[in-house]
Each structure stands twice: as structure tokens, then as C-alpha cells.
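Hi,

Here is the structure I said I would pass on. Have a look at it first, and my notes on what turned up follow below.

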Amino acid sequence: MTLGPYTYLTLSMRPESAPQVGVSFHTSHLKVRAGLLLSDPRPYLEFSSDEANVHISTTGAGPVTDADLATAREIFTAAARYLADCEQLHAEQTADDKDATPDTTGPAA
């Protein structure tokens, strides 16, 4: 079974615990932006679909800290890994699709 594009949101609330929000984007319609809010100034990273938005910025929306730099580096490394994995799987799937397609360019039997 193959699902169409979707965004999945969850909210878990338990007594004596902080609420937990989960956002899963499973769509090619995802928009990703980064920039600098000039009014503060502070950097931001945004992921959005028609159903949800996720904004990431500096600690307490304040000045950039060493921890913010570490988080930004983790995001960069994870995004590079995601790209590499997508490229590898796409290449393998494209090769599999070509292998499964009958050759119609040869002479008719």
C-alpha cells in the first residue's frame, strides 16, 4: 500500500510531564526556508506544508549561543545525510525501474 503525500501531527499530554508535539512531513510539497530576522536580528529555519509549520531559531529567541551553533551544525550534518540517502535510493530505484521495463526498441518477434 502506498500513501499519497501527507503531514502527520501528534500531541501527547501526560500528567506531571511536559506536552510532546510531533510533526512528520511525508510530502514533496514541503517548503524549507532559512533567513535572518532583521528586527532582532536572529537566524531562523522553517519547514512548512499546507498542514503544518515548524520554525527553529536561537535559544530563547535571543543572541546566538555556542549551543545554537552546535544545533545548527547537527541540522546541517543531518540534512547532508538525508540528501545522500535520498540520492542513493533514487539512483537504485531508477535502475530497478529500468531493469523491470521491457525493451521495446528491438526487432519484433
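Predicted model: local features only at pLDDT ≥ 70, side-chain atom pairs only at ≥ 80, totals over all residues.

R33 is partly exposed, with a relative accessible area of 47%.

What does R33 pair with? Its side chain meets that of E46 in a salt bridge, 2.7 Å from N to O. R33 sits in strand β3 (residues 31-37) and E46 in strand β4, so the pair ties together parts that are 13 residues apart in sequence. As a rule, side chains of opposite charge can pair when their charged atoms come close.

Is the E46 end of that pair buried or exposed? E46 is buried, because its relative accessible area is 9% and the cut-off for buried is under 20%. R33, at 47%, falls in the partly exposed class.

E46 has a second polar partner as well. Its side chain makes a polar contact of 3.4 Å with the side chain of H55, next to the 2.7 Å polar contact with R33. If you leave out residues up to four places away in sequence, E46 touches K31, V32, R33, V54 and H55. Strand β4, where E46 is found, covers residues 42-48.

Now for the sheet around it. Three strands form an open sheet in the order β3-β4-β5, with antiparallel pairing. The edge strands are β3 and β5 (53-57), each of which pairs on one side only. On average, neighbouring strands of this sheet are turned by 20 degrees against each other, direction ignored.

Between β3 and β4 the antiparallel pairing runs over seven bridges, and a hairpin of four residues joins β3 to β4.

D40 counts as partly exposed because its relative accessibility is 43%.

R42 also reaches S57, through a side-chain to side-chain polar contact of 3.0 Å. Setting aside neighbours within four places in sequence, R42 is in contact with G35, L36, L37, S57, T58, A61 and G62.

How many salt bridges does the structure hold? The count is three. D85 and R81 both lie in helix α1 (residues 66-100), four residues apart, or about one turn of the helix. D85 is partly exposed at 28% relative accessibility, while R81 is exposed, with a relative accessible area of 56%.

Stepping back to the overall picture: the protein has one helix and five strands, and along the sequence they follow the pattern β-β-β-β-β-α. What about its radius of gyration? The protein has 21 Å, whereas a compact globule of 109 residues would have a value near 13 Å. The C-alpha trace spans about 70 × 35 × 20 Å along its principal axes.

Two more numbers for your notes. Among contacts between residues at least 6 apart in sequence, 14% join residues at least 24 apart.

If you want a place to start, go to E46 with its polar contacts to R33 and H55, then on to R42 with its polar contact to S57.

Cheers

Definitions and conventions
Residues numbered from 1 in each chain as written. Heavy atoms only, no water. Helix = DSSP H or I, 4+ residues; strand = E, 2+ residues; numbered from the N terminus. Polar contact = N/O pair within 3.5 Å; in protein donor to acceptor, adjacent residues only side chain to side chain. Contact = heavy atoms within 4.5 Å. Salt bridge = Lys/Arg side-chain N within 4 Å of Asp/Glu carboxyl O. Buried < 20%, exposed > 50% of the residue type's maximum accessible area, 1.4 Å probe, protein only. Pairing = 2+ DSSP bridges. Axes fitted to C-alpha atoms, helices over the stretch in contact; angles between N-to-C directions. Rg over C-alpha atoms; globule rule 2.2 N^0.38 Å.
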